Amino acid sequence: MLSTLQNPRQAAAQLLNFGLILSTAFMMWKGLSVLADSPSPIVVVLSGSMEPAFQRGDLLFLWNRNFFEETKVGEIVVYNVKGKDIPIVHRLVRKFGVGDDAKLLTKGDNNVADDTELYARGQDYIERKDIIGSVVAYIPFVGYVTILLSEHPWLKTVMLGIMGLVVVLQRE
């Protein structure tokens, strides 16, 4: 560590490497967003409302490009509700109409009732524009890291501190 402090060039190179790692991760995220046509191409299941299809902590990969066919009943979609920050992962159970003007009704597999109570005030259905994407693949339990970081904010600081130390103490 002391040798790093004595050599400012090496310290600057390590800081630049850390910046490159962060910017590469950001570029990959943005590239996935453009490719999937979704503002959030990867999401984590935060509740048990879709059990047994998906468990809490599953990492979902989304696709939002419907070139050849429309969103179908039975498809698992992730959608945003006006006025709420957290996207919801539920199954499309009814569809009224066709095209972008279709009215869609969703429901969690583990829920008794449909999602009309979750929608914004005065909203009885969601529309195609509310959907962030359809689930195309998933990895079980990998998202628990995200859940832990959001439930325990101090873990973010610890994790960033460890990453910073690794970069600073790394020898090239």
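Quick housekeeping before I go on. This is a predicted model, where local features need pLDDT of at least 70 and side-chain atom pairs count only at pLDDT 80 or more, while totals for chains, interfaces and linings use all residues. Residues are numbered from 1 along each chain as its sequence is written, and side-chain values use heavy atoms, with hydrogens and water left out.

The side chains of Lys 129 and Glu 127 come together at 3.5 Å, N to O. Lys 129 is exposed, at 63% relative accessibility, whereas Glu 127 sits at 24% and counts as partly exposed. The cut-offs there: buried is under 20% relative accessible area, exposed is over 50%, and partly exposed is in between, with a 1.4 Å probe and protein chains only.

In total, the structure holds five salt bridges. Another one pairs Lys 95 with Glu 70, and there the closest N and O atoms are 2.7 Å apart. That pair links distant parts of the chain, 25 residues apart: Lys 95 is in strand S4 (residues 88-96), and Glu 70 is in the loop between S2 and strand S3 (76-79). Helices (H or I, at least four residues) and strands (E, at least two) are DSSP runs, numbered from the N terminus. Both partners are partly exposed, Lys 95 at 26% and Glu 70 at 34%.

Now the domains. The chain is divided into domain 1 (1-36), domain 2 (42-141) and domain 3 (143-172), with bounds that come from an automatic or database domain assignment. The C-alpha centres of domain 2 and domain 3 are 31 Å apart. Seven residues of domain 2 are in contact with five of domain 3, contact being heavy atoms within 4.5 Å. Together the two domains bury about 520 Å², 59% of it on carbon and sulfur atoms. Val 44, Arg 56 and Phe 141 supply 74% of the area that domain 2 buries against domain 3, more than any other three residues. Buried area here is the accessible area (1.4 Å probe) that two parts lose on being put together, summed over both.

Last stop, the surface. Leu 22, Met 159, Leu 160 and Met 163 form a nonpolar patch with about 350 Å² of accessible area together. Patches take residues with over 30% relative accessible area and no salt bridge, joining like charges within 9 Å and nonpolar side chains (Val, Leu, Ile, Met, Phe, Trp, Tyr) within 5 Å. The areas are Shrake-Rupley with a 1.4 Å probe, and for residues only the protein chains shown count as cover. Helix H4 (residues 154-169) gives the most, with three residues. Leu 22 belongs to helix H2 (residues 8-36) and is partly exposed, at 44%.

Note on methods. A salt bridge is a side-chain nitrogen of Lys or Arg within 4 Å of a carboxyl oxygen of Asp or Glu.
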